[in-house]
Protein chains: 2
Amino acid sequence: MAIIGIDLGGTKLASALFENDGKIVLHNEDALENRNGDQVAILITHSIKSLIHSTNGNVQAIGVSVPGIAYRKSGTVWAPNIRNWESYPLLKEINQVAPDIPVTIESDRSCYISGEIWKGNAAGCENAIFIAVGTGIGAGIVADGRIIHGANDIAGAIGWMALQKPYEPQYVDCGCFEYNASGNGIAKVAKALLKNNKEYSGRLRLKDIEQLTSHDVFDAFDAGDELAIKVITSAIEFWGMAFANLVSIFNPEKIILGGGVFGPAIKLIPDIKKEMLKWAQPISVREVDILPSQLGPSAGMYGAAYLALRLIKEKGKIHV
Amino acid sequence: MAIIGIDLGGTKLASALFENDGKIVLHNEDALENRNGDQVAILITHSIKSLIHSTNGNVQAIGVSVPGIAYRKSGTVWAPNIRNWESYPLLKEINQVAPDIPVTIESDRSCYISGEIWKGNAAGCENAIFIAVGTGIGAGIVADGRIIHGANDIAGAIGWMALQKPYEPQYVDCGCFEYNASGNGIAKVAKALLKNNKEYSGRLRLKDIEQLTSHDVFDAFDAGDELAIKVITSAIEFWGMAFANLVSIFNPEKIILGGGVFGPAIKLIPDIKKEMLKWAQPISVREVDILPSQLGPSAGMYGAAYLALRLIKEKGKIHV
């Protein structure tokens, strides 16, 4: 018995054939290059056909992770980084090449936490949250053994968390938490400080301010730069408050941190935990573990395969 | 076929016999008076025996709402306002008087939202949150059709939400949100302003400061008192931020407001919604309705009965 797990990313497609115990039998990667719309779907369906062929038709279920929102009722997908995928009928396209095989399509964030629950740092958990901090911030949430989707499949939009009055106009496009503590946000906060602090002459002054990234800020932080310390200290407070809120709301066993920022911010977990301990429900926060992603870039592919496996185990019901 | 719904409150026990469609056939209330520990359990089991007797043994399931935490694995209950109910074996006591009838015990907050989903302002919703703002603040959350319990049954502790840096020592016993926007919190914030604002000579100055309640603050607010306006305006900001966070995280269809403060704060819903619109995920916040509890003091009893009904419908699985 074999399961297909597919992870569509912003720049490449990863696909694999899994055995039920999580062993990968075949693994492919394809660059998306300049594909858009139907071309991306063709890449996916071609990959599926090829994997089915390799098993002589012995595939039991297919899971797909998409970089955006998977609308469960319609089987359509919104993916902001793929042109013409505002409401793309991906389920229909897959059903056409694999008409008899059950398919589940989920958001990347939901797949990340599912992968970590299957084979990563949240193994066996019924209550766990994957927090992806990259250019933006989002969460994949499993509570009482099931993925949280919400009424319109847009639950987990934690970048919008309100954490500091007063409201600032710059929150309008991304939310307060994301503005202050995403990769983009860290760069923006550092740029604003550089513009307003004429006396500062540290190493970030040597950078082209418009090109400044969060990685520059982390490098300067590691070198003891005062402006970078100010920016990262503020981000630690925001991460601590936001993760504390998720702990108070969900009482999870594990919080798993991933994305480009965790990454370099993994070493800050003890500082973040210290901040969380101040704010969160005191019993829940003492019981939760804060851990880096174990599967890293493979989390989505593992998660997609696990959700496909669950799909057949639970006879047509889609949940972790 | 009949269902028993029981709502244990801080001062009284309400119990009723329901038909499957939600019609109440029999309804009793008993004051707890000074009962504690076993005496409260005896009141519950006596009430159950009496209702079973009245149907000639034709009761299909029993649901119980408790003012605290229901630990699902052990069948025990923690209820801070009932002496000797730190870890009370309530399920065992009920099983002894009704050995063949399935029983579900849930926290009052989870029962409130279940009641509103069955017969109230969240009728038919799969994603809805009951926010109880009284002396404290807590939430009963149903996501994708199921109650959120968390790893140790203490999910929904939203009073601990972090909403404003820096951390203040007075948050240690109750959390930032509860300190600033619960009934107790509103009274505390007003008292602190009264002590620090010697020039104020409005109507709250005439009150015994130690006896001041949130109801006094709401009365003064309605009369246009400047200090009360300051306190309630701040509470509106905190409610708006916290409810916005729940909307971004859960993408619910309805938020139902109850507890002693909503109550007088119901008329502030338009102001709270305005605040939410600034902070929350923009699609989710436009789609959510913010409504008062329809069932009021009966929400727990209806919710307990509904969860009992679900228990038999789903053959032994406990969920909404």
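Mentor: In this predicted model, strand β1 (residues 2-8) and strand β2 (residues 12-19) of chain B pair in the antiparallel sense.

Trainee: What makes β1(B) and β2(B) count as paired strands?

Mentor: Pairing requires at least two bridges, and β1(B) and β2(B) are linked over seven bridges, so the term applies. Within this pairing B:Ala2 stands opposite B:Glu19, and a hairpin of three residues joins β1(B) to β2(B).

Trainee: In which sense does β1(B) pair with strand β4 (residues 59-66) of chain B, and over how many bridges?

Mentor: β1(B) and β4(B) pair in the parallel sense over six bridges, with B:Ile3 opposite B:Ala61.

Trainee: How do you know that β1(B) is mostly covered?

Mentor: A residue is called buried when its relative accessible area is under 20%, and seven of the seven residues of β1(B) are buried. Both faces are covered, with B:Ala2, B:Ile4, B:Ile6 and B:Leu8 on one side and B:Ile3, B:Gly5 and B:Asp7 on the other.

Trainee: Turning to chain A, why is helix α7 (residues 226-250) called oblique to helix α8 (residues 269-279)?

Mentor: The axes of α7(A) and α8(A) come within 8 Å and cross at roughly 55 degrees. Angles under 35 degrees count as roughly parallel and 65 to 115 as roughly perpendicular, so α7(A) is oblique to α8(A).

Trainee: Which residues make that contact?

Mentor: Among them are A:Trp239 and A:Phe243 of α7(A) and A:Ile272 and A:Trp279 of α8(A); by class, the contact has nine nonpolar, one polar and three charged residues.

Conventions. Residues are numbered from 1 along each chain as its sequence is written. Chains are lettered from A and ligands numbered from 1 in the order in which they are written. This is a predicted model: local features need pLDDT of at least 70, side-chain atom pairs count only at pLDDT 80 or more; totals for chains, interfaces and linings use all residues. Side-chain values use heavy atoms; hydrogens and water are left out. Buried means under 20% relative accessible area, exposed over 50%, partly exposed in between (1.4 Å probe, protein chains only). Helices (H or I, at least four residues) and strands (E, at least two) are DSSP runs, numbered from the N terminus. Axes are lines fitted to C-alpha atoms, for helices over the stretch in contact, and angles run from 0 to 180 degrees between N-to-C directions. Angles under 35 degrees count as roughly parallel, over 145 as roughly antiparallel, 65 to 115 as roughly perpendicular and the rest as oblique. Contact means heavy atoms within 4.5 Å. Ala, Val, Leu, Ile, Met, Phe, Trp, Tyr, Cys and Pro count as nonpolar, Asp, Glu, Lys and Arg as charged, and the others, Gly among them, as polar.
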